[in-house]
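The cut-offs behind each term are given where the term first comes up.

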Amino acid sequence: RFSEPDPNFHVYLAFGQSNMEGYGQIESQDTANVPERFKMMAAVDFPSKGRIKGNWYTAVPPLCKENNGLSPCDYFGRELVENLPDVTVGIINVAVGGSSIDLFDEDKVDAYVNSGPDWLKNAAKVYGNHPYKVLVEMGKKAQQDGVIKGFLLHQGENNAGDKNWPNNVKKIYQSLCKDLGLKEEETPILVGEVVDKSVGGMYGYHNDVIATIPNVIPNGHVVSAKMLQSRGDNLHFSSASYREFGKRYAQVMLGILGK
């Protein structure tokens, strides 16, 4: 008899564009003392790190692809394990910088990639042109070991100001729940704000759209990026901001878990 999935192994699926991939400079404080109870499943091979797609590793950054940086996932996981002493946390991060939400919509992805620029075609190729399918494939694999507790999204810069964006997110969220056998009322999606206008964020106006997520997805939750500085490009967060942002995602999740 195979061992049952461990109810104390909490898995989160993360997706989005470059801020979810991780653009923060990885510093020594980020690679030292990563808790053993914080794992990442490689969604692609990381040849230079010896990581193989579909396997679990201690969550030393980068977590998305081998050339990415610090992302909100890093300190999300650390903050959770610090507050949940009996729980192991696993992250699966599938993200493509510069991409529209359409990249994760199975009805739109082919047309979106085919009509896109070469950089997009190359970025999508890493996931066999179907990042959504990779997310589901890895999610099903993870369900053999643990329990999917929610989704983390950071995306929107590419779709800034699009009033239909929350409905597009909802469609993908509902598809993920269906394909992974999850109940929506038990499976939150945490949606992070983009770099805010108050600190010069060039797409900060999209936060007004992100604010409507809970109206469209009953189990949708907004994670504030208030006062989180960019790395100087008014688009990507600084390393310090990624650390704080990850903790904010975790605090929202801890609230949902009643901790």
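1. A disulfide is taken here as a pair of cysteine sulfur atoms within 2.5 Å, and by this rule the count comes to zero disulfides. C64 is in no disulfide, and the nearest cysteine sulfur to its own, which belongs to C73, is 8.0 Å away. Likewise C73 is in no disulfide, the nearest cysteine sulfur being that of C64 at 8.0 Å. For orientation, a disulfide is a covalent bond between the sulfur atoms of two cysteines.

2. On provenance, this is a predicted model, in which local features need pLDDT of at least 70 and side-chain atom pairs count only at pLDDT 80 or more, while totals for chains, interfaces and linings use all residues. Residues are numbered from 1 along each chain as its sequence is written, and side-chain values use heavy atoms, with hydrogens and water left out.

3. Burial is judged by relative accessible area, computed with a 1.4 Å probe on protein chains only: buried is under 20%, exposed is over 50%, and partly exposed lies in between. C64 is therefore buried, as its relative accessible area is 0%, and C73 counts as buried because its relative accessibility is 0%.

4. The buried residues in α10 are S239, S241, Y242, R243, F245, G246, Y249, A250, M253 and L254. Just after α10, G258 takes a positive phi of about 75°.

5. Which residues does S239 touch, not counting those up to four places away in sequence? With contact meaning heavy atoms within 4.5 Å, S239 touches G24, Q25, E27 and L70. S239 counts as buried because its relative accessibility is 9%, and its side chain reaches the backbone oxygen of Q25 at 2.7 Å. A polar contact is a pair of N or O atoms within 3.5 Å; within protein, one must be able to donate a hydrogen and the other to accept it, and residues adjacent in sequence count only if both atoms are side-chain atoms.

6. S241, also in helix α10, is buried, with a relative accessible area of 4%. Leaving aside neighbours within four places in sequence, S241 is in contact with L228 and Q229.

7. M227 has a positive phi of about 65° although it is not a glycine, and M227 lies in the loop between β7 (220–223) and α10, where it is exposed at a relative accessible area of 56%. N234, in the loop between β7 and α10, has a positive phi of about 60° although it is not a glycine, and N234 is partly exposed at 31%. The peptide bond from P61 to P62 is cis, with omega near 5°, and P62 is found in the loop between β3 (56–58) and α3 (72–83).

8. A nonpolar core is a set of buried Ala, Val, Leu, Ile, Met, Phe, Trp, Tyr and Cys residues joined through side-chain atoms within 4.5 Å. In the largest such core, of 79 residues, those touching the most other members are F15, F76, L80, F151, L152, W165 and I189. Not counting residues up to four places away in sequence, F15 touches several residues, among them M20, V94, F104, L135 and H154.

How values were computed:
Helix = DSSP H or I, 4+ residues; strand = E, 2+ residues; numbered from the N terminus.
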